[in-house]
Amino acid sequence: MADSKKTGSGSNSAEKKEFFLFRWLRRAFFPNKELDIYAEEQVQSPVRTVVRNFFSKPIAVTALVVFIIIALFVFIAPNFVTLDLGEQDSTLVNISPGYSMRKFPGALEKNGVQSLSVGNNYSVACDKEGKTYVWGKTKVTKLINLAEIPDEVKSAKIVQVAAGSDHIVALDDKGAVYAWGYSRLGQTRLPAEIQSNNRMHEFGIKSIYASDQFSAALTDDGRLFFWGNENFADLTYRAEEFDGHVTDVALTNVCYVILTDDGGVHSATENGKFATDRIPEAAESGVVSISASSNTVAALKEDGTVLVWGAATKGETKVPEFPSKVVDVEGGRYHYTALLEDGSVMSWGSNRYKQSEAPKSLDGGKAVKLWTGSFQNYVLTEDGDLESWGLKGFLLGTDGLGRDVFARLVNGGKMTMTIGALSVVIEMIIGIILGGLAGYFGGVVDMVVMRIAEIVGSMPFIPFAMILSAVMGTKVSIEQRMYIIMVILGVLSWPGLCRLVRAQIFAQREMEYVVAAKALGVKESKIIFSHIIPNVMSVCLVSITLAFGTSMLTESSLSYLGFGVPLPTPTWGNMLTNANNSIVIQNYWWNWLFVGAIFGVACICINLIGDGLRDALDPKSNGR
């Protein structure tokens, strides 16, 4: 009998538990119709009422979602987007947004590649039919576009092309040379001796070369000619010593070395002041070809040995061991790529833009021809396909120093939002403590706190911060300056919040729950900070939200004026400072549009969230 009772009670409890679970699920997913006004007031707590009112406002909710997305973006993305504070490259200055730097035309691959050359931000090639193609970031200036191929080049059968930093040189099947692009520094003005015989096709030019602001041509009889900006590069040439014996030339950014018919590499300049002029003894014989990076030279010997010398900055001289004999070596800006006898490729040097990581599709040894330059590589496979790897472009472009705008936007947003958030925390702590004390105790305490608040509130913030920044000068580090800005923003911004808390506590301190707490002997500090403050925090939240946006704007204003976080550490404010130029605003819109847009959207969202909270806390907004 007892067992049956136990069994019965156990089944009843199970039924009750099941019934409770069923009711919970029904209320959660299939709620009843609206309660009447009295039942609703009994169920709804003040916090739930505020939340309900806030989430009934589509604009405020949308602003909250957008702001959360921006905040998550700027705090999570820096873990995946690397920022090198020392990053800058004169060859990557003011590149427009997009990933088009390696998008070669399909017709080039279809017709077969005859010659290809990689410039700073673009590439040029000609197919086996003599047609010329240019792709990538081809605009040199607002008026000069390298993709606008001259008509005489279009009508000629081009067999070789060479890409300079801002100009292109082409050679047709009859030995005529063509040049177009930026010409103010003489890059496209051929030497008089070439020019006089050029269109007669009688000069016998067999190879052309192009570099940063200067170019070269080599004739069938071993003579060498240079033209371009002589003030930038050393173009002096000891013709009397080497003419008639030159078989190849390698151009660095500012100088060159030559290969003669005896297999030796020589410096042909008169000064011999560059690191590449210090040619190793092993390169004085047995060399079959030479190439160059920005400031180094590589020589390939008959036995497949590769020698590299010069002013290496990215590990260009650290030649790896090759599993097979090297048959060709080509140089980019800070890297080299080698084509091996077994059809595989290997790269070394800088890998900042993955230019030293060959695609896995080439692992089977399918490469038959190689072209390298700047930050890209191109390989022609035995199937006739054109493979490329390296820098493909920048999502949001680059700034005036060649720095990635996207990386700086992400990391700058993290810095700006961190300063804004921490300064608001400081403001909140000071404002709530002093406002709570002034509002609760009144009298002398209230008078002293309010007089201090008036003094602090009367201080002009931006002039004060500028004076302090000038006094600090370079005595503090970037991190210390950032912390100082946070403290200044917080210490000078609390009076408004303090007055708001004080006014709210004046109304709360005479209420029944405060009287009851006093009667129970609760400590004064606990009454203020454990009972009264939580009841006024919902109102203060509006002020704190708006203060966050104000702090971000103030920090950016200081950076814009040059008294905030100094470069190269990015913030949204100093990024906009870099765009404070009519040329940048008109021609390089990506330097200010993206940072201005995300900053503006973030601040607008904060203000809309604050407005939504204010309306949600207003009893008049709860009309039925």
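Mentor: Happy to! Keep in mind that this is a predicted model. Searching the whole structure gives 9 salt bridges, so let us walk through some of them, with 4 Å between the side-chain nitrogen and the carboxyl oxygen as the cut-off.

Start with Arg 223 and Glu 193, whose side chains form a salt bridge at 3.1 Å, N to O. Arg 223 belongs to the loop between β8 (214-219) and β9 (224-228), while Glu 193 is in helix α7 (residues 192-198), so this pair ties together parts that lie 30 residues apart in sequence. Arg 223 is partly exposed, with a relative accessible area of 23%, and Glu 193 is also partly exposed, at 36%.

Now turn to Glu 454 and Arg 451, where the N to O distance of the salt bridge is 2.8 Å. Both residues sit in helix α10 (residues 443-457), and because they are 3 residues apart, about one helical turn separates them. Glu 454 is partly exposed, with 41% relative accessible area, and Arg 451 counts as partly exposed too, at 38%.

Finally, look at Arg 403 and Asp 399. Their side chains meet in a salt bridge at 2.9 Å, N to O. Here both Arg 403 and Asp 399 are buried, which means that each has a relative accessible area under 20%.

How values were computed:
Residues are numbered from 1 along each chain as its sequence is written. This is a predicted model: local features need pLDDT of at least 70, side-chain atom pairs count only at pLDDT 80 or more; totals for chains, interfaces and linings use all residues. Side-chain values use heavy atoms; hydrogens and water are left out. Helices (H or I, at least four residues) and strands (E, at least two) are DSSP runs, numbered from the N terminus. Buried means under 20% relative accessible area, exposed over 50%, partly exposed in between (1.4 Å probe, protein chains only).
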